[in-house]
Amino acid sequence: MLEKLGIFPEAASEFADQVDYLYFFLIGVTIFFVTVIVAALAYLSVRYRHRRSPVPTPVHGSILLELTWSGIPLVIALFIFGWGAKLYIEHQDMPPDGIEISVTGKQWMWKLQHPSGQREINALHVPVGVPILLTMTSEDVIHSFYVPAFRFKRDVVPGVYTRAHFTADKTGSFHLFCAEYCGTDHSVMIGKVVVMEPSEYEAWLSGQPAGETPVQAGERLFTDLRCNTCHAAGSDQKGPDLAGVFGSKRLLVGGGEAIADEEYIRESILRPARKVVFGYEPLMPTYQGQVNETQILSLMAYLKTLGGAAEGANP
Amino acid sequence: MNPLTVTAVPKPKRNFWNHDFSVKSWLLTEDHKRIGILYLLSITLFFFLGGVMAVLIRLELLTPAGDLVQAETYNKLFTMHGVVMVFFFLLPSIPAVFGNFLLPLMLGARDLAFPKLNLLSWYIYMVGGVFTLFVVFKGGVDTGWTFYTPYSSTYANSHVIAAALGIFITGFSSILTGVNFIATIHKMRAPGLTWFRLPLFVWSHYATSLIMVLGTPVVAITIVLVALERLFRLGVFDPELGGDPLLFQHLFWFYSHPAVYIMILPGMGVISEIIACFSRKRIFGYRFVAFSSMAIAALGFLVWGHHMFTTGQSVFASLVFSLLTFLVAIPSAIKVFNWTATLYKGSISFSTPMLYALGFIGLFAIGGLTGLFLGCLGLDIHVHDTYFIVAHFHYVMVGGMVMAFLGAIHFWWPKMTGFMYSEFLAKIAAAIIFVGFNMTFFPQFVLGYLGMPRRYHVYPEEFQVLNVLSTAGASILGFGFLLPAFYLIYSLKAGRRAGPDPWQAKGLEWTVDSPPHPHNFETVPVVTEGAYEYGPEEVKRG
Ligand SMILES: [Cu+2]
Ligand SMILES: [Cu+2]
């Protein structure tokens, strides 16, 4: 009913419903306190107006009252905190399987890619009921991926790979907004998320020019960018074997350690001299300016398939 | 009956206005009262400048398309609106005008501890202001008042450095004012004026000053780093250069969250004074109200991360920041309840300042409670960076601080100028402002939950109705804000003489002439009782 009036947004995920319950509870709390305060102000101002109460009676305070009106709000506040925290923490865990979508924000568009290679700009087609696992980064400034119908928002930060997820439970077309101010055309960095029945989604996918999958693109880049000259096993191998690197612990020159996660791989490609692997010379050239974020994501997808420690590495 | 009919009024005596009329005597004045007036004129100017920008923003948002101004212009408008209103109006508003004017009077002192520093702070403020005006006329800055990196440090093509410098420079005027107030409150209290006899206005200014002195240097450094990165590609915030973009947000909000309390605590001080006076009562739970200001100042420094729940900051950090945010709400709640309880068994009259004070309590309650929505982790994910937050902080900043400012000006105008304004017009203006304010900002809560992001020049059509409502409200509000400018100035010409204590208020400032003598007190007052000791004998009004 509220939706029809245009004062309440459509909810298209289970998370959205849960956020809405919390919202209604908080509205209840707000109405309660505002009513109490306004009623008290109104009653007291009328009851003790100068005409009716020409002489004030000094009242200095009451510890009991102070404790009551700090204690009760405190309990309510802690309750709201706990509820909100629970929702937030639960939503942090990535579901074990789902469809991996890579998202790149760029002034002023959203670039999205499906695991089987289909690319989209400012639109994302997804099946209903299946967890959508996002890996997001930005090519320039901070953006924020916001779908009000899912009550879902996550900042997209340059230099960082943000993992986040949502699961739609209703088909339809929903707004996708950029919520973090990012320059001139911030307000047109918008698009839509189209939620379809799984069968329709399959049909849609096969109707799209697939092109290379991220893994294929990564493999091709690995040769095109001549990474293989140093990283492929052979007599003149100058760099470490990259099989099994993703997700493993690396020992560094100078005594440190690092986990080879997405940020680590990205840094290895863009600023190799920052963290040099123990036992190797800092020979790797920087690829800053030669690869964009989408290509880095492809390289990463390829490296993940090279087996070894990383979970789910082999397709 | 009417509290305004006062004692027969003598001819104006020597006062801080008429003892010297020369321009030089104003520009080189060390009198805290004159400096307060200089600030009043300057911040009013900036308020109207920021107001004009707000009007243009609201007009643009009347239609979903971007038809009035271009995207770039729109972005500059909301940026300059924020910069001007936050740094050049809200932060200095009550402290620099009323704090300056009233603290020595309330403390029974001749002036602030460092009168020359006080004058310097006004000049610094003006230099910062000139930079900002320069930016406005040179074409503006488009980073948002929050200057998020790497947009501000690398990508923006507008006058970021000049704007940053303006803010950097005015920062020093805040610091000087803060230092001056702290020293004055510690050292210049009249004999007998113990800490717990201080008016709550003084307490709230003490807490505010601490934040100014401790917080402002951090934002100053942050702004310098942004400028250096722009100029020399330093690599602090831009990941391309090996920096960390989120570091900026931590530094910025480390100051800017406490700054929110610089923008509300002085207002709370004003409300305490007004409520006490017009209900003829000592503030209920005086010590709780006093200490809650200090608690807000201290806790306020520990909650900055609540602006960063969606950035991917660690879950643990988010939990801690959220928890502390809920705790900082309690001292504000304590104040609201104590003000309300003060009315109990009082003898209440509804002069204009009291209307503003009552309005403040209601609007601030809404502003504060909607803050809980934003501090709440699960919910903030949705409402963060939408119109919900725009509505929330306007309820606190305009519904709170601006209402308090208007309350203050109506309360102390007779003291400052010696004249009474038209109560009738003033009450009408207060009502118009109240209606216009709610009509402007209430729809924005709804818009925010619907999902309309902030800083949008164009927007989907389904948001139009609420935006039209908001713009309609804004025109009422804008009209309301113009009214006081007229009847207050008119009162200087035609107003009745106020006499020393037109409201029969308690407090040392009401014991001296209106307007006060250049040296405030003829003899050093000796204080023998607490603030707000309204007894039955004070009550016979009119
Ligand atoms: Cu954006
Ligand atoms: Cu904050």
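The model is predicted.

**Chain A**

Chain A contains seven helices and twelve strands. Its C-alpha trace spans about 100 × 50 × 40 Å along the principal axes. The radius of gyration is 27 Å, whereas a compact globule of 315 residues would have one near 20 Å. Buried residues account for 50% of the 315 residues. Of the contacts between residues at least 6 apart in sequence, 63% join residues at least 24 apart.

The accessible surface of chain A is about 14,600 Å², and carbon and sulfur atoms contribute 60% of that surface. Chain A carries 33 negative and 25 positive side chains. The centres of these two sets lie 9 Å apart.

**Aromatic pairs**

Over all chains, the structure holds 73 aromatic pairs. Two of them, both in chain B, are set out below.

| Pair | Geometry | Centre to centre | Angle between planes |
|---|---|---|---|
| Phe16(B) and Trp17(B) | tilted | 5.1 Å | 40° |
| Tyr395(B) and Phe437(B) | edge-to-face | 4.7 Å | 70° |

Tyr395(B) sits in helix α15 (residues 387-417) of chain B and Phe437(B) in helix α16 (residues 423-450) of chain B. The pair links distant parts of the chain, with its members 42 residues apart.

Tyr395(B) counts as buried because its relative accessibility is 0%. Phe437(B) is also buried, with a relative accessible area of 0%. Phe16(B) has 0% relative accessibility, so Phe16(B) counts as buried. Trp17(B) has 28% relative accessibility, so Trp17(B) counts as partly exposed.

Chain B also holds an aromatic cluster, whose members include Phe47(B), Phe48(B), Phe405(B), Trp412(B) and Trp510(B).

How values were computed:
Residues numbered from 1 in each chain as written. Chains lettered and ligands numbered in written order. Predicted model: local features only at pLDDT ≥ 70, side-chain atom pairs only at ≥ 80, totals over all residues. Heavy atoms only, no water. Helix = DSSP H or I, 4+ residues; strand = E, 2+ residues; numbered from the N terminus. Rg over C-alpha atoms; globule rule 2.2 N^0.38 Å. Buried < 20%, exposed > 50% of the residue type's maximum accessible area, 1.4 Å probe, protein only. Contact = heavy atoms within 4.5 Å. Areas by Shrake-Rupley, 256 points an atom, 1.4 Å probe, with all protein chains shown as cover. Lys, Arg positive; Asp, Glu negative; His and termini not counted. Charge placed at Lys NZ, Arg CZ, Asp CG, Glu CD. Phe/Tyr/Trp six-rings, centres within 6.5 Å; stacked < 30°, edge-to-face > 60°.
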